[in-house]
Amino acid sequence: MKTNQINKTLIKQLNLAQSLGDQNMTSAIVYDDFMKSIVERIKMYDIDMLTKSIMMMIRSGELEQVSGNFYKYKDFHILELLKRDGIDYSNKLKILNKLNLGITQKHIETIDKDGSVYIITQIPGTEKNNLIPLWKFGSQNISKEDKLSAFHDLQKLTKAGFTDDSISRSNKLWYVNENNQIVIPTFEYLRPINPGESSKEIIEKYYNILFK
């Protein structure tokens with residue numbers, strides 16, 4: 001399936017959920033005062049002033065620069081992307097929100113600003129520490145209950161008709177949070193499952209990563 005066809009299908013799924021009035025699509029915003037101030041600056045400041053403000057917060061230790069254009073405050077994460085890429089990724093995050101998956105980040109809001117978008121999410125279990133790669137942490141150190149929880153979420157994703165090849169092929173993008181729970185923060189290549197693909201085989205790939 002070509003990229004533009006994938007994007008059209010994803011947008012169709014998102015619009016369908018919105019037309020049905022799915023309440024899961026819009027998460028309640030639960031910012032504290034400092035996070036509110038960051039969001040207000042993103043919305044109100046021009047780019048130069050916003051960049052200076054972000055750099056100042058990083059230098060003061062109030063905001064962590066995880067990498068490049070990716071920032072963290074407690075368990076809130078801010079990702080800056082070019083508008084075209086950002087809107088596409090934001091739509092994918094909203095689909096994941098609709099499925100109410102505990103294994104991934106929760107989309108809070110997307111702010112469109114001057115050719116860029118700022119995507120704000122929450123990643124479970126990252127308030128005090130950053131995520132650790134699963135390959136580094138060791139799958140054997142994850143409890144059976146937490147593995148099953150992750151597996152059930154991935155089953156739900158598959159049954160909803162979606163997959164991500166970068167997630168099903170290896171554990172490279174699988175992480176562990178401070179509660180020793182599996183988190184897959186990025187589903188960048190989320191796509192609809194093609195008619196000729198086997199959902200059973202996709203689920204088996206997830207199972208093999210988790211339990212073998």
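In which sense do strand S1 (residues 64-67) and strand S2 (residues 70-73) pair? The two strands pair in the antiparallel sense, over 3 bridges.

The legends below describe a predicted model, in which local features need pLDDT of at least 70, side-chain atom pairs count only at pLDDT 80 or more, and totals for chains, interfaces and linings use all residues. Residues are numbered from 1 along each chain as its sequence is written, and side-chain values use heavy atoms, with hydrogens and water left out.

**Figure 1. Overview of the chain.** The chain contains 8 helices and 10 strands. Helices (H or I, at least four residues) and strands (E, at least two) are DSSP runs, numbered from the N terminus. Of the 212 residues, 42% are buried; buried means under 20% relative accessible area, exposed over 50%, and partly exposed in between (1.4 Å probe, protein chains only). The chain exposes about 11700 Å², of which carbon and sulfur atoms supply 50%; accessible areas come from the Shrake-Rupley method with a 1.4 Å probe, and for residues only the protein chains shown count as cover. Among contacts (heavy atoms within 4.5 Å) between residues at least 6 apart in sequence, 70% join residues at least 24 apart.

Figure 2. Two strands pair if DSSP finds at least two bridges between them. Ser67 has Phe70, in S2, as its bridge partner. The hairpin of S1 and S2 has 2 residues between the strands, and Gly68 takes a positive phi near 45 degrees there. S2 also pairs with strand S3 (residues 76-82), in the antiparallel sense over 4 bridges. The bridge partner of Tyr71 is Ile78, in S3. The hairpin of S2 and S3 likewise has 2 residues between its strands, and Lys74 in the turn has a positive phi of about 55 degrees.

Figure 3. A search of the whole structure finds 1 cavity of 30 Å³ or more. On a 1 Å grid over the protein atoms alone, a cavity is a set of points where a 1.4 Å probe fits but cannot get out, and lining residues have an atom within 4 Å of a point. Grid points are joined across faces, edges and corners, and a volume is the space filled by probe spheres set on the points. The largest cavity holds about 50 Å³ of space. Its lining includes Tyr71 and Ile78. Helix H2 (33-44) and helix H3 (47-59) each supply at least two lining residues. The lining has 8 nonpolar residues, no polar ones and 1 charged; Ala, Val, Leu, Ile, Met, Phe, Trp, Tyr, Cys and Pro count as nonpolar, Asp, Glu, Lys and Arg as charged, and the others, Gly among them, as polar.

**Figure 4. Ile167 and its surroundings.** Ile167 lies in helix H7 (residues 165-168). Because its relative accessibility is 0%, Ile167 counts as buried. Leaving aside neighbours within four places in sequence, Ile167 is in contact with residues including Trp174, Phe187 and Tyr206. Ile184 is 17 residues from Ile167 in sequence, and the two are 8.1 Å apart, C-alpha to C-alpha.

**Figure 5. Two loop residues with positive phi.** Asn100 is in the loop between helix H4 (83-99) and strand S4 (106-113). Although Asn100 is not a glycine, its phi is positive, at about 55 degrees. Asn100 counts as exposed because its relative accessibility is 52%. Asp114 is in the loop between S4 and strand S5 (116-122). Phi of Asp114, a residue other than glycine, has a positive value near 50 degrees. Asp114 is exposed, with a relative accessible area of 57%.

Key:
1 Å grid on protein atoms, 1.4 Å probe; cavity = no way out; pocket = protein on both sides within 12 Å on 5 of 7 lines; lining within 4 Å.
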